[in-house]
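Reader: Please show me the assembly, and then let us go through the contact between its chains.

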Number of protein chains: 2
Amino acid sequence: MTARSHDRPGPDPDRAETEAVLRKQHLHASVADPVLDTMTFLNEITTRYPDAISFAPGRPYDGFFDIEEIFKHIRRYLEYLEDGGASPADIRDALFQYGPTAGRIRDVIADSLRLDEGIDVSPESIVVTVGCQEAMLLAVRALIARPEDVLMVSSPCYVGITGAASVLGVEVAAVEEGADGFRCADLRAAVLAERAKGRNPRAFYVVPDHSNPSGTTMPLDTRRELLDVAADLDILILEDSPYRLVSPGRQLPTLKSLDRRRRVVHLGSFSKTLFPGARVGFAVADQVVVDDAGHSSLLADELTKIKSMVTVNTSPLSQAVVAGMLLSANGRATDLNAKTSVYYGEAMRATLQRLEASLPAARRAELGVSWNEPEGGFFLTVNVPFRADTEALARSAGDFGVIWTPMSYFHPHGGGTRGIRLSTSYLTPDDIAEGITRFARFIEAEAGAADAPGKN
Amino acid sequence: MTARSHDRPGPDPDRAETEAVLRKQHLHASVADPVLDTMTFLNEITTRYPDAISFAPGRPYDGFFDIEEIFKHIRRYLEYLEDGGASPADIRDALFQYGPTAGRIRDVIADSLRLDEGIDVSPESIVVTVGCQEAMLLAVRALIARPEDVLMVSSPCYVGITGAASVLGVEVAAVEEGADGFRCADLRAAVLAERAKGRNPRAFYVVPDHSNPSGTTMPLDTRRELLDVAADLDILILEDSPYRLVSPGRQLPTLKSLDRRRRVVHLGSFSKTLFPGARVGFAVADQVVVDDAGHSSLLADELTKIKSMVTVNTSPLSQAVVAGMLLSANGRATDLNAKTSVYYGEAMRATLQRLEASLPAARRAELGVSWNEPEGGFFLTVNVPFRADTEALARSAGDFGVIWTPMSYFHPHGGGTRGIRLSTSYLTPDDIAEGITRFARFIEAEAGAADAPGKN
């Protein structure tokens with residue numbers, strides 16, 4: 001990796017002969033993931049067209065957030081420790097020191113899961129993580145262990161899970177979604193196909209509610225069927241569901257709350273319900289693990305061991321804020337999100353209404369355009385009759401002033417080339433109205449152009 | 001992984017037939033690392049003998065820590081943003097939202113590195129991480145990429161680096177330390193031996209100052225020689241040095257401050273200098289990376305991509321506290337540690353004096369016992385004439401009321417069976433005096449027993 005005289009010159013002509021210059025192809029393959037290029041491209045285009053309205057980022061709305069509350073929440077958690085008998089030295093320790101690797105606030109999270117999600121597990125089944133991303137990494141690392149092991153994912157799927165797999169060099173097999181989300185028959189067929197190839201599917205990753213990216217929600221019957229299929233195929237389900245409690249109205253039960261056979265590892269996030277800057281998530285992993293000597297542990301214990309080699313701890317300071325917030329609402333994150341759920345629900349409804357107004361049924365049928373109508377979450381899918389690729393995105397941003405995410409970005413093995421993800425979470429009502437008007441103009445122009453023979 | 005009737009019964013007899021039961025041998029090998037068993041054993045023995053004095057944990061002393069300061073530090077950072085022109089919305093965003101994956105406080109860290117460590121790099125060369133552990137994981141993942149790649153470590157070595165390698169399935173080759181730390185000739189020989197086996201050493205991990213576990217410090221000449229050797233062998237150095245600024249007196253220059261050929265990736269931690277509960281560390285990776293198309297980036301950019309798949313962000317809240325603390329001392333973490341350095345220095349000196357008083361030179365020569373005399377850091381090594389294994393540790397705790405860490409725990413490929421690590425950072429002067437008295441009694445008993453023929 002040395003820059004010798006016969007090598008490509010580096011950017012600095014004064015560099016010493018033996019200065020380290022690394023070749024990207026010698027770095028780990030995960031740094032060359034095409035998803036990262038799409039992200040870079042999205043950032044670039046957002047910077048290049050600062051006046052464009054962006055439906056790309058899935059960021060939570062922060063208008064209701066008050067910085068002073070952070071201090072109150074930390075103090076509330078410390079009072080809670082004090083009420084539980086902690087000495088001043090214990091309290092200092094709770095914020096200052098490393099703390100237990102599995103987390104300090106597992107009791108508070110367990111209470112909240114019982115109240116908010118109907119998930120009734122012991123604190124010992126929970127591992128507190130640095131956001132849901134670390135929970136994904138730990139679960140994938142623990143379970144997809146041997147060369148033949150494979151992770152099944154619903155596709156299109158959240159890039160966090162394929163990213164975690166990529167860092168770990170783990171194989172991913174995709175189960176394509178239909179309009180209502182994935183079908184259990186497709187999962188079964190995909191698992192059997194993998195087995196026929198000598199591979200060993202261990203777990204299936206899915207976002208059952210208001211999915212990122214597609215916005216689909218799994219019906220109750222499918223949830224029950226999925227649990228049966230998982231037991232029958234002897235696989236686990238990795239359930240990730242960050243948008244439930246920030247969606248308006250009553251939600252379907254989580255897979256974990258329906259799980260009577262410990263088939264579900266629930267991956268949790270407080271980034272949407274509390275705030276992303278806390279970087280606190282968790283895994284619920286109450287599965288029993290037995291070793292050859294007959295000793296048993298919980299999968300949570302094994303995830304904790306891996307966590308000790310990834311981040312050691314989740315910041316106790318962040319955990320204190322999260323616990324304080326949950327305690328302030330007597331454990332109900334739903335109560336904390338009453339206002340935000342309404343806000344997000346209105347943003348989604350406004351987006352759909354504006355789409356309907358700009359591209360009425362007759363017109364969109366002519367153009368071959370359609371979209372789904374999520375009742376919650378941050379995202380919806382628009383199906384278009386042209387290639388929704390980075391070139392189309394560049395035209396959309398440059399000529400029409402509107403930015404979105406190509407759905408192909410979320411397909412681990414190709415596909416989604418005619419899909420667009422719109423995120424509605426971060427925009428003001430005015431931006432949504434203007435942005436969708438621009439988006440409809442872009443669609444008209446592209447779909448019209450797509451009518452011309454020889455295009456696409 | 002289903003518990004079928006012919007399988008071992010699980011702990012719950014009412015468990016459904018298809019309840020998931022995982023076999024530990026089917027989980028990733030990293031969860032079966034013997035190091036984890038040693039840690040579990042240490043925790044168990046600490047719980048079983050609550051009155052034993054423990055020289056095991058390398059925890060920072062928290063007696064000088066004041067919780068109210070946390071709030072002041074966060075406010076100070078927010079004022080700093082305000083002074084820099086941030087609007088109220090920007091400030092809310094800075095704490096509430098995800099923020100840039102590479103970190104928000106790279107400028108503050110870069111200033112501090114220049115003032116405290118003589119490391120002069122651009123903020124763009126820095127990635128803020130969830131403690132130094134994540135920095136290790138990112139560096140190992142980026143660099144040890146192909147099946148033939150191997151990570152070289154100074155041995156005995158910090159278990160964090162071998163843990164990161166274990167999670168990633170990365171091969172580790174050890175370079176044994178002498179009494180003054182490792183020798184460059186040994187590193188060269190080890191690298192050449194790996195190459196002869198068809199393997200490709202990419203980087204060498206070392207703690208140059210007051211090393212964990214052994215307490216050795218690399219002399220200045222060796223530092224310069226190591227940089228030459230790295231350039232000559234075309235490898236990188238992963239420098240981890242968390243104990244410098246909490247050690248009394250003047251420190252030798254960091255490898256990174258001596259590095260003129262971008263051979264050193266510096267892995268940083270604020271756990272000792274500020275507080276562990278922040279969980280903020282960083283990597284300095286100013287190496288140039290070129291791809292096949294001739295585009296160049298910094299290694300920090302590539303580490304950032306991997307971080308996006310591990311933790312997405314380091315908590316902006318934690319970053320705010322860290323930045324506020326550094327700003328409170330005008331960037332000088334050394335100033336923040338004036339009192340703690342003295343405290344740790346006195347603890348180390350008191351330990352060494354007590355050892356000397358309890359086991360004077362003549363007596364320890366008879367017994368075949370010796371130790372090194374670190375001038376800083378948290379650790380020292382005691383060499384003993386008996387197997388310092390978990391059985392010896394159980395006797396030490398149960399019969400003598402003193403706990404320590406077996407040095408074998410830190411040897412990735414065996415060795416260190418007659419070494420003991422004593423950590424002096426967390427104990428009070430009284431505990432050190434009493435603890436070392438007990439430790440000397442234990443040594444007398446074991447070393448005396450070792451004299452008997454047929455033992456060991």
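The questions below concern the interface of chain A and chain B in this predicted model.

Residues are numbered from 1 along each chain as its sequence is written, and chains are lettered from A in the order in which they are written. Local features need pLDDT of at least 70, side-chain atom pairs count only at pLDDT 80 or more, totals for interfaces use all residues, and side-chain values use heavy atoms, with hydrogens and water left out.

Reader: How much area do chain B and chain A bury between them?

Author: Taking contact as heavy atoms within 4.5 Å, 99 residues of chain B touch 99 residues of chain A. Buried area is the accessible area (1.4 Å probe) that the two parts lose on being put together, summed over both. Of this area, 61% lies on carbon and sulfur atoms, and the total is about 9,200 Å².

Reader: Which residue of chain A forms a salt bridge with B:Asp93?

Author: A salt bridge requires a side-chain nitrogen of Lys or Arg within 4 Å of a carboxyl oxygen of Asp or Glu, and the count between chain B and chain A is ten. For B:Asp93, the closest N and O atoms are 2.7 Å apart, and the partner is A:Arg59.

Reader: Which residue of strand 1 of chain B stands opposite A:Val290?

Author: Strands here are DSSP runs (E, at least two residues), numbered from the N terminus, and two of them pair if DSSP finds at least two bridges between them. Strand 10 of chain A, residues 288–290, runs parallel to strand 1 of chain B and is joined to it by three bridges. Opposite A:Val290 stands B:Arg23.

Notes
Helix = DSSP H or I, 4+ residues; strand = E, 2+ residues; numbered from the N terminus.
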